[in-house]
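The following exercises concern how two copies of a chain are placed and how they meet. Please work through each task with the structure in view before reading its solution.

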2 protein chains.
Amino acid sequence: MSQNRNNQSKMIGKQSIAFQNPPCIIAAASVAGKKEGEGPLGKLFDVVQQDPMFGKNSWEEAESELMKQAAMKVLEKAGLKKEDIRYLIGGDLLGQLIATSFGVAELSIPLLGIYGACSTMGEAMSIGAMLVDGGFADKVLSITSSHFAGAEKQFRFPLDYGNQRPYSASWTVTGSGAVIIATRDQAKLSPSEPAILIKGITTGKIVDFGIEDSMNMGAAMAPSAFDTIRQNFEDFQIEPSYYDRIITGDLGYVGKNILIDLLKEKNYDISNNYMDCGIEMFDKDSQDTHAGGSGCGCSAVTFTSYILKQLKDRNWKRVLFVPTGALLSQTSFNEGQTVPGIAHAVMVEAE
Amino acid sequence: MSQNRNNQSKMIGKQSIAFQNPPCIIAAASVAGKKEGEGPLGKLFDVVQQDPMFGKNSWEEAESELMKQAAMKVLEKAGLKKEDIRYLIGGDLLGQLIATSFGVAELSIPLLGIYGACSTMGEAMSIGAMLVDGGFADKVLSITSSHFAGAEKQFRFPLDYGNQRPYSASWTVTGSGAVIIATRDQAKLSPSEPAILIKGITTGKIVDFGIEDSMNMGAAMAPSAFDTIRQNFEDFQIEPSYYDRIITGDLGYVGKNILIDLLKEKNYDISNNYMDCGIEMFDKDSQDTHAGGSGCGCSAVTFTSYILKQLKDRNWKRVLFVPTGALLSQTSFNEGQTVPGIAHAVMVEAE
């Protein structure tokens, strides 16, 4: 870490925060769909739902139900009631966040609705950690969701069209991941269990490389992941080897290579400790998901299942979790606009 | 204010924060459209644009340009460069926040995208104030926008349809308001000028009274405004008379009466010091806007012009600013869902 750090300030470098009292992830939950449950991470999810409609009448209502189940599950796992949560910070991919609004309404928790496309889990955890470290909340619930069918309908084509998908296209994950972020003293840990702390964040800015293909999100988002990860290294004056894993949200196979190459040009080699949630989510050979998984739910369920388990099991100590988002809408795409990207990095450590 | 307040905590009551070092609004800017410029507040806006397309080719691009102009204007008024801003916190009404993403991209400021429908300015100022008070930022730019034509296309009918509007319908304001929130020592004040401080916030939860009419937003949002305002009184143990004005975002004529009645049932009388930005925005008799102004831009431009001026001129000392939002989308409305509301309160004081 930087020796130049001013101990009076939580602000580090240009875009980062180092928390003075690193908030703790005291509970996490993941709810995923059938296809995700059949993938390599399937056994690690708390709940795998076989019904893609989640018992509801529309894809949007299904996603709301999915998110509600994740929120209820994380409360159950933490042994908390909804009244114990000071803020719910959440978002999804649907226009005007209707999955979130209708999903968490009945929890009656003060809500900060956020949107960062598929980077939303990074934004939710960043704001949540700041509110806890700043003394504005004792417990915050950060949550995001996405649903394959709802996302295809929203951004590309309704499933009934049966359109072909190019190999650069990713597969939106049906899933919702939730964490409860709290002050460290609230973590109930067994003697051998590490605390999972959010040590710092690097908040991304919009990076637009002029990609106009909504079927190639990886290429659109890789430059923003590059920008945020490089900034994290610079702000904290660290090298890639500082982390056991650097994990992007959903760059997929296309974006992965672009990111590694862009960082290599700046003399940062992440090829040995890099992974991408979208690549981990599905089996490339058997699941026909082309470039990999994507969506607000992709990084959220991977983090709340696989990544946290590796940290809890002490296989990894330090992780840079970097959910990546493509800031397009159906309207902006149809009007010929580019697809700008954004990525928010969260420094998570087992201690 | 409450005598029971625990001085160790910034958390007050169930849903509120009292800032220990109240952040200061060091600059504000408003950019509005032609119709808004012809209304009662017209002379107070920094910029009134005569061209509804803002020189662009689509309503969405027009709104992005509108927001960019407001962001540039507030930087200019503050004498700051974009590099001086630690976070930009902003949102709009369009799906996937495309007005914001394309509007502020070239500013290259770390972005926290948020969505709270028309309550978004309350959310942006609340998060901004927490980040400054918590030491996570020295300067934050909070901004929202809306555009009449973009909003009609998004939520109701494209203007070309020439549909009729019921009297309960509000008129989405074409406008963008921006504030820079900073630590108090950064305010450049003349000797006679008061500092405009954010003393506290009350973050709203979703309140759904089952309204299903997208042409009657006032009725859908009034219960959430009631819920947040009542909670503010309770959390701080204050009466309505504590404030010189209690100001909702865009309840309009329909919602105004519902709010006053709901609070009266709880023995709170706000009828003497209540106003609504949507009502102030247009002249009811001559401008044919029915229930009043609405949209993310409505409360934002009213706050950054009229409300701040009253505080600066010491006509008012304490204001409760409560932007109100209706959490619907075109999809949720078409699928027969209700219109839940949310409202976020910001306690602003001239000192």
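Predicted model: local features only at pLDDT ≥ 70, side-chain atom pairs only at ≥ 80, totals over all residues.

**Exercise 1.** Determine by what turn and what shift chain B can be laid on chain A.

**Exercise 2.** Describe the contact of chain B and chain A by its residues and its buried area.

*Solution.* Begin with the residues: chain B gives 61 residues to the contact and chain A gives 61 residues. Next, 100% of the interface residues of chain B are also interface residues in chain A, so the copies meet through the same surface. Finally, the area buried between the two chains is about 4800 Å², of which 63% lies on carbon and sulfur atoms.

**Exercise 3.** Find which polar interactions cross the interface, and which parts of chain B supply its side.

*Solution.* Start with the charged pairs, where the rule finds two salt bridges across the interface; one of them joins B:Lys153 to A:Glu335, with the closest N and O atoms 3.1 Å apart. Then turn to polar contacts, for which 22 residue pairs are found, both residues of each pair being at pLDDT 80 or more. Among the elements of chain B that each supply at least two residues to the side touching chain A are strand S1 (11–12), helix H2 (59–78) and helix H5 (148–155), while the largest share, five residues, comes from H4(B). Sorted by class, this side of chain B has 30 nonpolar, 20 polar and 11 charged residues.

How values were computed: Residues numbered from 1 in each chain as written. Chains lettered and ligands numbered in written order. Heavy atoms only, no water. Least-squares fit on C-alpha atoms with pLDDT ≥ 70 in both. Contact = heavy atoms within 4.5 Å. Buried area = accessible area lost by both parts, 1.4 Å probe. Salt bridge = Lys/Arg side-chain N within 4 Å of Asp/Glu carboxyl O. Polar contact = N/O pair within 3.5 Å; in protein donor to acceptor, adjacent residues only side chain to side chain. Helix = DSSP H or I, 4+ residues; strand = E, 2+ residues; numbered from the N terminus. Nonpolar A, V, L, I, M, F, W, Y, C, P; charged D, E, K, R; others polar.
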